[in-house]
Amino acid sequence: MDKRAQEGLRVIELYLNIILLVFVAATGIAAVWLRNLLASAMVLGIYSLLMAALWVVLDAVDVAFTEAAVGAGVTTVLMLLAIALTGRHEKRRRARPWLPLATSLGTAGLLIYATLGMPIFGDANAPAQLHVAPYYLLQGEAETGVPNIVTSVLAAYRGFDTLGEVTVIFTAGMGVLVLLTGATRRRRNTAAPTEEDSA
Amino acid sequence: MSDFLVLRVIAKLLIPFILLFGFYVQMHGDYGPGGGFQAGVIIAAAFILYAIVFDVNTARRMAPMAVLVSLACLGVLLYAGVGVANLLYGGRFLEYGAFAHDPAHGNHIGILIIEIGVGIAVAAVMMIIFFSFARRR
């Protein structure tokens, strides 16, 4: 590929990033703004899908995959189920949330200020690129026999962390199971028996 | 939900391909993007799609809670078991290289097995969470 074509690709990528980030910000604000929780859950699903597209543009396809499957898929379904159990309209609150607003704006300002100290976007000499990443990129396939570096890092070099993550997911599932089905059983024992599992 | 003909037909057409794609992602996580975590979520999504479009109770009969809980435990134990097996083969905990004479080969085997453990655990837990929520309606 000649130099001009590469330059053109970079410009296209830049515009894609800007457009996606604008939409991400818009959906984020819309999710907070909307009073209808059903619409809010849908907008959050779109938000996750846009984030997945952004990860693809940034060449992080594994993260994009997870974001699309978990963020846009399963999380949306779980939120819809939670809304079906509770109610689809947010309660209107009288009090003006000045303190929370000031706290979040202050934190956002500090975070944006902190980005000024970060290395330039995509900098090859950033500390994150110089620590163990070169070793994984050079030796990963030879040592693990797995061409996908992400998999070799997750499953082999960071295998202990991943075992911890799986344990966390397992614990979360058991917690939900005990909390939700335990509560149903208790209510059934105290109240008169109602119709079984009409869901 | 069962009144929507288009949804029913499309879901019925898609579910086998979703499952197949889930298994593909599971087994090809070492060559392409993906792995046990994504595959587990995709396989769980196929069951959840069926439960939403057709009938929660049929889906629950296909994947009974007792089986799901056993599968979730099996997935985590498979992962940890690989670590223990490495100890027995003379390596350290989760040092898959101990599985074969060539460490790279042993690593590949270990990664495939623990990815299957992750996939089983994640798929089971996602369905456990979904069915626990859906039960209460």
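This is a predicted model: local features need pLDDT of at least 70, side-chain atom pairs count only at pLDDT 80 or more; totals for chains, interfaces and linings use all residues.
1. Overall form of chain B. The secondary structure of chain B consists of five helices and zero strands, and the order from the N terminus is α-α-α-α-α. Along the principal axes, the C-alpha atoms of chain B occupy a box of roughly 60 × 30 × 15 Å.

2. Burial and contact range in chain B. Chain B has 137 residues, of which 45% are buried. Among the contacts in chain B with a separation of 6 or more, 63% join residues 24 or more positions apart.

3. Helix 2 of chain B. This helix covers residues 36-53, which is 18 residues. The distance from its first C-alpha to its last is 26 Å, close to the 26 Å expected at 1.5 Å a residue. Helix 2 of chain B is also mostly covered, with 15 of its 18 residues buried.

4. Packing of helix 2 of chain B on chain A. Two packed helices are described by the angle between their axes and the distance between the axes. For helix 3 of chain A and helix 2 of chain B, the axes come within 10 Å and the crossing angle is roughly 35°. This crossing is left-handed. Helix 3 of chain A contributes A:Phe65, A:Thr66, A:Ala69, A:Val70, A:Gly73, A:Val74 and A:Val77 to the contact. From helix 2 of chain B come B:Phe37, B:Gln38, B:Val41, B:Ile42, B:Ala44, B:Ala45 and B:Ile48. Sorted by class, the residues of this helix contact are eleven nonpolar, three polar and no charged.

5. The interface as a whole. How many residues of each chain take part in the contact between chain A and chain B? On chain A there are 41, in contact with 45 residues of chain B. Helix 3, helix 6 (133-144), helix 7 (149-157) and helix 8 (159-190) of chain A each give at least two residues to the side that touches chain B. That side of chain A comprises 27 nonpolar, eleven polar and three charged residues.

6. The largest nonpolar core. This core has 67 residues, and those touching the most other members are B:Val41, B:Ala44, B:Ala121, B:Val125, B:Met126 and B:Met127. Both chains take part: two or more residues come from each of helix 2, helix 3, helix 7 and helix 8 of chain A, and likewise from helix 2, helix 3 (56-62), helix 4 and helix 5 of chain B. Helix 5 of chain B provides the largest share, 18 residues.

7. B:Ala44 in this setting. B:Ala44 belongs to the contact of helix 2 of chain B with helix 3 of chain A, and is one of the core residues that touch the most other members. Neighbours within four places in sequence aside, B:Ala44 is in contact with A:Val74, B:Ala123, B:Met126 and B:Met127.

8. Positive phi at A:Asp59. A:Asp59 is not a glycine, yet its phi is positive, near 70°. The residue sits in the loop between helix 2 (37-57) and helix 3 (61-86) of chain A. A:Asp59 counts as exposed because it has 9 C-beta neighbours inside 10 Å.

9. Positive phi at B:Leu94. B:Leu94, also not a glycine, has a positive phi of about 65°. Its place is the loop between helix 4 (65-88) and helix 5 (103-135) of chain B. Is B:Leu94 buried or exposed? B:Leu94 counts as buried, because 23 C-beta neighbours lie inside 10 Å.

Key
Residues are numbered from 1 along each chain as its sequence is written. Chains are lettered from A and ligands numbered from 1 in the order in which they are written. Helices (H or I, at least four residues) and strands (E, at least two) are DSSP runs, numbered from the N terminus. The expected span of a helix is 1.5 Å times one less than its number of residues. A residue is buried if 20 or more other C-beta atoms lie within 10 Å of its own, exposed if 12 or fewer, and partly exposed in between; C-beta atoms are placed from the backbone. Two residues are in contact if their C-beta atoms, placed from the backbone, lie within 7 Å. Ala, Val, Leu, Ile, Met, Phe, Trp, Tyr, Cys and Pro count as nonpolar, Asp, Glu, Lys and Arg as charged, and the others, Gly among them, as polar. A nonpolar core is a set of buried Ala, Val, Leu, Ile, Met, Phe, Trp, Tyr and Cys residues joined through C-beta atoms within 7 Å. Axes are lines fitted to C-alpha atoms, for helices over the stretch in contact, and angles run from 0 to 180 degrees between N-to-C directions. A crossing is left-handed if the near helix is turned anticlockwise from the far one by less than a right angle, and right-handed if clockwise.
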